[in-house]
Amino acid sequence: MKLAGFKSVDGAHEDSIWAAAWVPAADHRPTALLLTGSIDETVRAWQPDDLAVASPPAGGHALGVVSLAAHPAGVIAAAVSIDSHIRVFDVDSGASVTTLDAAPSEVWGVQFHPKGIALAAAGGGSGSVKLWDTEKWQPIASLPVPRPEGARPDKTGSGKFVLSVAWSPDGKLLACGSMDGTIAVYDAVRMKFLHHLDGHHMPVRSMVFSPVDPHVLLTGCDDSHIHIYDAKEKGLIGAMSGHASWVLSIDVSPDGMAVVTGSSDRTIRLWDINARASVQTMSNHSDQVWAVAFRPPGGEGVRAGRLASASDDKSISLYDYS
Amino acid sequence: MASVYIPVQGTEEEVRVALDLLPTDASDILDILKAEQAPLHLWLIIAREYFKQGKIEQFRQILEEGSGPEIDDYYADVKYERIAILNALGAFHTFLGKAERAPQKEAHFKDATQYYNRASRIDETEPSTWIGRGQLCVAKGELQMASDSFKIVLDDDGDNFPALLGQASVYFLMGDTEQQHKKALELYRNSLELYKRALRGYADCPAAVRLGIAFCRYKLGQLDRARQAFDRVLQLDPENFDALVALAIMDLQTNEAGEIRSGMEKMRRAFEIYPYCTLALNHLANHYFFTGQHFVVEQLSETALSSSSHVLLKSQSYYNLARSYHSKGDFETAGRYYIASVKEVNKPQDFVLPFVGLGQIQLKFGDFKRSLASFEKVLEVHPENCESLKAIGNIYSNLGENDKAIETFKKVTRIDPKDHQAFVELGELLVESDWAAAMEYLKTACILLRKAGEKVPVELLNGIGLLYFEKAEFELAEQSFKEALGDGIWVSIMDGTAGSSMVNWSVQYRDQSLFHQLEENIPLELPCDKVTTLFNYARLLEELHDTVKASHLYRLIIFKYPDYIDAYLRLASIAKEKNNIQLSIELIGDALKINSKYPNALSMLGSLELQSDETWLTAKEHFRDAKDATEGKDPYSWLQLGNWNYFAANRPEKKAPKFEATHREKAKEIFLNVLKQNHGNMFAANGLGILHAEKAQWDISKELFTQVHEAASGSIFVQVPDVWINLAHIYFAQGLFQQAVKMYQNCARKFFYNTDATTLLYLSRTHYEAEQWQDCRKSLLRAIHLAPSNYLLRFNVGVSMQKFSASTLQKTKRTVDEVRATVSELQNAIRVFSLLSVASTYHSHGFDERKIDTHVEYCKHLLDAAKVHRDAAEQAEQQTKQKLEVTRQIALADEARRRAEEQRKFQLERRKQEDELKQVMQQEQHFERVKEQWKTSNNTPGKRKDRSRHEDEDGDSGKRRKKGGKRRKDQKTRMQYEDDEEDQYRNEPEEDDYANMTRDPGGDKPEKAPDHLLAAAGLEDSDAEDETGHSQSVMERKRRAWSESDDDEPVQRSVQPTSPE
């Protein structure tokens, strides 16, 4: 289990890069694409192997892109910017598909349903997860995060700012994380709140379900820890520490064996899920690493696993995972 | 029955005197002797008989009478007998002199000398006199003179038996006193030679002569032959206890169980033969000391004491007694006996051991000065005795004379470069002053121990680990700790086999079930000498950010040692770092249950309470308790109190301004006091700087901050991010925006991994003041990205965009792109403001809707204006483009024509150029017109002016808004506090580690933390300012520090809508 630096592009954006997502290969396009979003208000697309520019930068993402998600079919993607608009666009042409917003609430992290039937967005200050269907782009649900039992009344309301969302690979569970560390799990089929997952008390900026075990949820938190939960049984089953600062981004390898995290401490760490131990630390970035993402399996000429990372230092990097 | 016959004068008769029936009164015999003028040899015989019977007085009486002047006269011719009597007296006094103490000793020796002198006067060649003199000199310790005397005899008669023996003993004694080993051996050899000669001459001499041979052999190291000789003595004289004792000692020295047993058997026999042989008694006592039979030791020693007058042997007996009590732990009695023993010794050279014991006892009682004196006595005899040197080194270090202590231990290492103890001591002495040297010494100690095949003690490895830790050499530190800990349950915790089976560990910090489960399978062992190391290892793991494993270890410590208070505090600190405040407070509560006066726990509790609205008042109590618990000596608790006062001064509670001033005054007083006691206390200086800054005394505060900044930059342990912030604030306040920006940026990068939204807020404010709108906007966007739920930031970003747009529109010259950017920025601003406006319906984020609406309206208005400009500008651009195109074509045509009509075109061309110029002029005029248009369109709405004024008034009176603003401020403060305190406690218990390993924590480190508070508080103030800087709602608060810079802002703003003249 290791990462090997493969290719890096400095100055990939004019300024800090905050988001990255892989667009899977599609019928019309034999390879996956890497999307990156930046404070420079653009989203850019990159070829998966040489990081060559795939299409001209798409502007208009006012105030900076904070989150990116690609539809599993590999045709469209969604970008969220600080102006709280979700801009859904055609990956290849860059043409706008639709622009969503959940006004008055902010929007932060977004994720497509594994089958692509819905888009979930962390609803910021509304303290809820917003869902749209991907056919007509109509809102289908707003799932509020209930106050955990015994918690003290939240005077400011900012505590329940929902930051991150994740779908389980079977589409049955939906989880979201918030500024105060609250994690809520929903039954994504019945659209019903199930329970909270305890253990974090600081912002949970990134979360992901294991691709091989649809119950296992991994979270990255400002408390520098990575927690491993059984999202179904409501249990913390592991914790890993080692980052010196916030864990900003987290992703699981397609084989479900490894976790990769990007942190404010400027490093990327590779973790062995089973051993609950840090295996490798990459220090190639010189500022906060806001995004790490494994390329989804499939597509032409894909042999090894590949990881992409993006950082405040304006660079993006590719790694071979083996 | 032996008898002496005294011939009766003038007759043939003799008086028979039965020697065993000598009268008690010697006068009777004397009378007879005198009356019958008996030959002098009879006198001698009778005197000697008295002596044999122990009737010393009678012996003396007869001999003294027999050496009187009358006798000299009467027996003038009888030389030999007279000499014999004198010599006998001389020998007698010599004997007394040997046994007695000064001053009688001297008197006896003097008498003896006189008798020998008289004997010499009768016949100076008489060998026995010289032999007697020789013995006298031996007794007086004048060995050289003794040797001379014996030599006189031996020169005459090489086989003179007594002289041979005498000289032999002189050589022997010389050998004993000789310092140089080689020479001493030579002397023993000489002695042996003489004894042999004596023996050859008189084969049937007393067994004692053979003792001499035996002792010489012994001294020469020929142990087997010595043993033979002693055996021979015993064959001849089975009762000779000297030989027995000597053989016994030799047996004992073999150090083999069987031999020792037979040695003790011999001792016991000697003891039975002669129960008052002090040497045997002492040896027996010594033996029983080692077998631990202290009662016997005491009995024997006391017997020895009562049976001997020999000072050295007595001293030894006392020593045995002392040692016995010493080992029984009765130090006082032991001390008394050591003193008695020491008193018997004239020179430490004779018997040095009691000085060692006495020194140890004195050390035990903390009587360092006396102890030092005792050990120095030892050093007089054995200047290179490492044990005593080490004891002295310890005394010096106890007396705080570290330099001397270091010097002493260094000497030990020079004498014995393998003395690992000395290296350890040196290492520990140098820990604070010289890291590299300390490391070197401890490592050497380690290597020595390893070479010697000994186990390196846990403490030593722990010390090395800590040193590495201190130098941030974490890997090496980890190695040391691991080696110190060896194998144990912690290994499986570290490799994850034990920890991963843990369920809900972070939720249930206090859940010990894992250990109970583990204990069912294997016994959980944590030897007490390893607890400290384990704790330090956990601290190291924390430093390496592996808090999961660190907390497992802390919990293991608590499981085995539920009173290990620092482990609770570390867990509390970890919980706090994870923002689990409730758990943190509970854990501190557990710690306080163990020790309700534990200052660290109290301080920690206080600072946690400070963060909550409900408990901030009780925080003061806990700070005060902490201060009292440390008897006010700990600057840290003082600083916390100072900070509390500062904090209280800035609390938004309703209170008279008077109280605010009192709190400030109090804080200042405390900081000053701390500074007085610890000149280098950065945190107190920082706090003072803040107080000065609040009064706008920039120069003083800048000076203070700069100094602290420099000091903190030079240290790898003390991190004071707040002073960077404070210094930046000062730059800002003085209008040095560039420096301020640099300082903020460096601070954010250096200390917070760029994750601190508050610093970005300061940064944006600086850019704002410097009118760098784009930078301002970007800083705010970064801050929002970090803290998306902070609506203040969103509001500010709106303002910054509005400001940018307004200022762009005010410019006299601007490009179309600029105007376009203005339009989109205004759209963004409107979006931001409207989102805020709607959000305020369900969030109390502290902004007044109406105010936001005002902003929205204003932006919309600007947008309209901007759109017009944009259109106009675009139109103008279009026209310019067209014209340029025309021009270009004309130019092209020109060019063609020019080529065609090369020869004559110059003048014509010039005319054309003039035409072009005219066109450009026209263009400019057009621009001017556009500007005019813009101005007029802006000038119209007079009602807006009113509104802005209304807004200001509203700001002043709008209490609701004000409250909102303040609440937010508190919130922010709270956030800040949390961060700061994390640092604070991360550092704190480290000192406890140090304390654990006997290193004095000193007063320096604890200050580290509190000032985060300070700066936090300081920041908070400017924070609030910041807010006011952008939002007019809290305008009235501007009276304070930052007033200058802030004041022009509202002016600008209120003018804005109508401004451009």
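Predicted model: local features only at pLDDT ≥ 70, side-chain atom pairs only at ≥ 80, totals over all residues.
Colleague: How many residues does the contact take from chain A and from chain B?

Modeller: Chain A gives 57 residues and chain B gives 46 residues, where contact means heavy atoms within 4.5 Å.

Colleague: And what area do they bury between them?

Modeller: Chain A and chain B bury about 4400 Å², 53% of it on carbon and sulfur atoms; buried area is the accessible area (1.4 Å probe) that two parts lose on being put together, summed over both. In chain A, the residues that lose the most area to chain B are A:Leu63, A:Pro104 and A:His201, together 13% of what that side buries.

Colleague: How many salt bridges are there between the chains?

Modeller: The count between chain A and chain B is 6 salt bridges, a salt bridge being a side-chain nitrogen of Lys or Arg within 4 Å of a carboxyl oxygen of Asp or Glu. One of them joins B:Arg831 to A:Asp101, with the closest N and O atoms 2.8 Å apart. This pair crosses from helix 44 (residues 816-839) of chain B to strand 9 (residues 96-101) of chain A, and such helices (H or I, at least four residues) and strands (E, at least two) are DSSP runs, numbered from the N terminus.

Colleague: Is B:Arg831 buried or exposed?

Modeller: B:Arg831 counts as buried because its relative accessibility is 16%, whereas A:Asp101, at 29%, counts as partly exposed. Buried means under 20% relative accessible area, exposed over 50%, and partly exposed in between (1.4 Å probe, protein chains only).

Colleague: Changing topic, which residue does B:Lys390 meet in a salt bridge?

Modeller: B:Lys390 meets B:Asp419, at 2.7 Å from N to O. The pair links distant parts of the chain, 29 residues apart, with B:Lys390 in helix 21 (residues 386-398) and B:Asp419 in the loop between helix 22 (402-415) and helix 23 (420-430) of chain B. B:Lys390 counts as buried at 6% relative accessibility, and B:Asp419 counts as buried at 7%.

Conventions: Residues numbered from 1 in each chain as written. Chains lettered and ligands numbered in written order. Heavy atoms only, no water.
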